[in-house]
Amino acid sequence: MTQSADLMTRVQNSFAKQGLMRHWGARVHSVDPGACVLYLPYSDKVTQQQASFHGGAIGALADIAGGYAALTVAPVGMEVVTVEYKINFLAGCVGGELCASGRVIKAGRRIIVTAADVVHVAEDGIKTLCAVLQQTVMPVAMRS
């Protein structure tokens, strides 16, 4: 198995335990060392009162994309948890789907700094950057 395939399996196994992401219909698109891309389809489960994607859904997707990017550089047998993040919302978007691309900025033994861009992909294929996130993640022992 290749390194990317091993990382995809590791991320997929962890992602399968994320009830919120399952409920919302999110999916892992790709995983590489230091990177993870997730998609979230538009539905009434992830909207706010004006029919746009809810900021909480955007934030959760960005947080998880950054977290899984961090997991790809964490030691085997470890999981990661978010210590903090800052997010800027840039555009409200309706329909289509969101694509969150997480990447590792710097990986240390105790903390991992990541970033994520969230892009709205409209039904007609037009892409709009709707949020950017910076995050600090900490490796922790995996719970059984």
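Leaving aside neighbours within four places in sequence, which residues is leucine 61 in contact with? In this predicted model, the list runs to Met21, Ala26, Leu38, Leu40, Leu98 and Ala100. Several of these names come up again in the largest nonpolar core, a set of 37 residues in which Phe15, Met21, Leu38, Leu40, Leu61, Leu98 and Val118 touch the most other members. As for where the core comes from, α3 gives the largest share, with 11 residues.

The largest pocket holds about 380 Å³, and 16 residues line it. Nearest the pocket's centre lie Ser14, Gln18, Glu79, Val80 and Val81. Sorted by class, the lining comes out as 7 nonpolar, 5 polar and 4 charged residues.

Is serine 52 buried or exposed? Its relative accessibility is 12%, and because the cut-off for buried is under 20%, serine 52 counts as buried. Setting aside residues up to four places away in sequence, serine 52 touches Val46 and Thr47, along with Gly92, Cys93 and Val94.

Note on methods
Residues are numbered from 1 along each chain as its sequence is written. This is a predicted model: local features need pLDDT of at least 70, side-chain atom pairs count only at pLDDT 80 or more; totals for chains, interfaces and linings use all residues. Side-chain values use heavy atoms; hydrogens and water are left out. On a 1 Å grid over the protein atoms alone, a cavity is a set of points where a 1.4 Å probe fits but cannot get out, and a pocket is an open set with protein on both sides within 12 Å along at least five of seven lines; lining residues have an atom within 4 Å of a point. Grid points are joined across faces, edges and corners, and a volume is the space filled by probe spheres set on the points. Ala, Val, Leu, Ile, Met, Phe, Trp, Tyr, Cys and Pro count as nonpolar, Asp, Glu, Lys and Arg as charged, and the others, Gly among them, as polar. A nonpolar core is a set of buried Ala, Val, Leu, Ile, Met, Phe, Trp, Tyr and Cys residues joined through side-chain atoms within 4.5 Å. Buried means under 20% relative accessible area, exposed over 50%, partly exposed in between (1.4 Å probe, protein chains only). Helices (H or I, at least four residues) and strands (E, at least two) are DSSP runs, numbered from the N terminus. Contact means heavy atoms within 4.5 Å.
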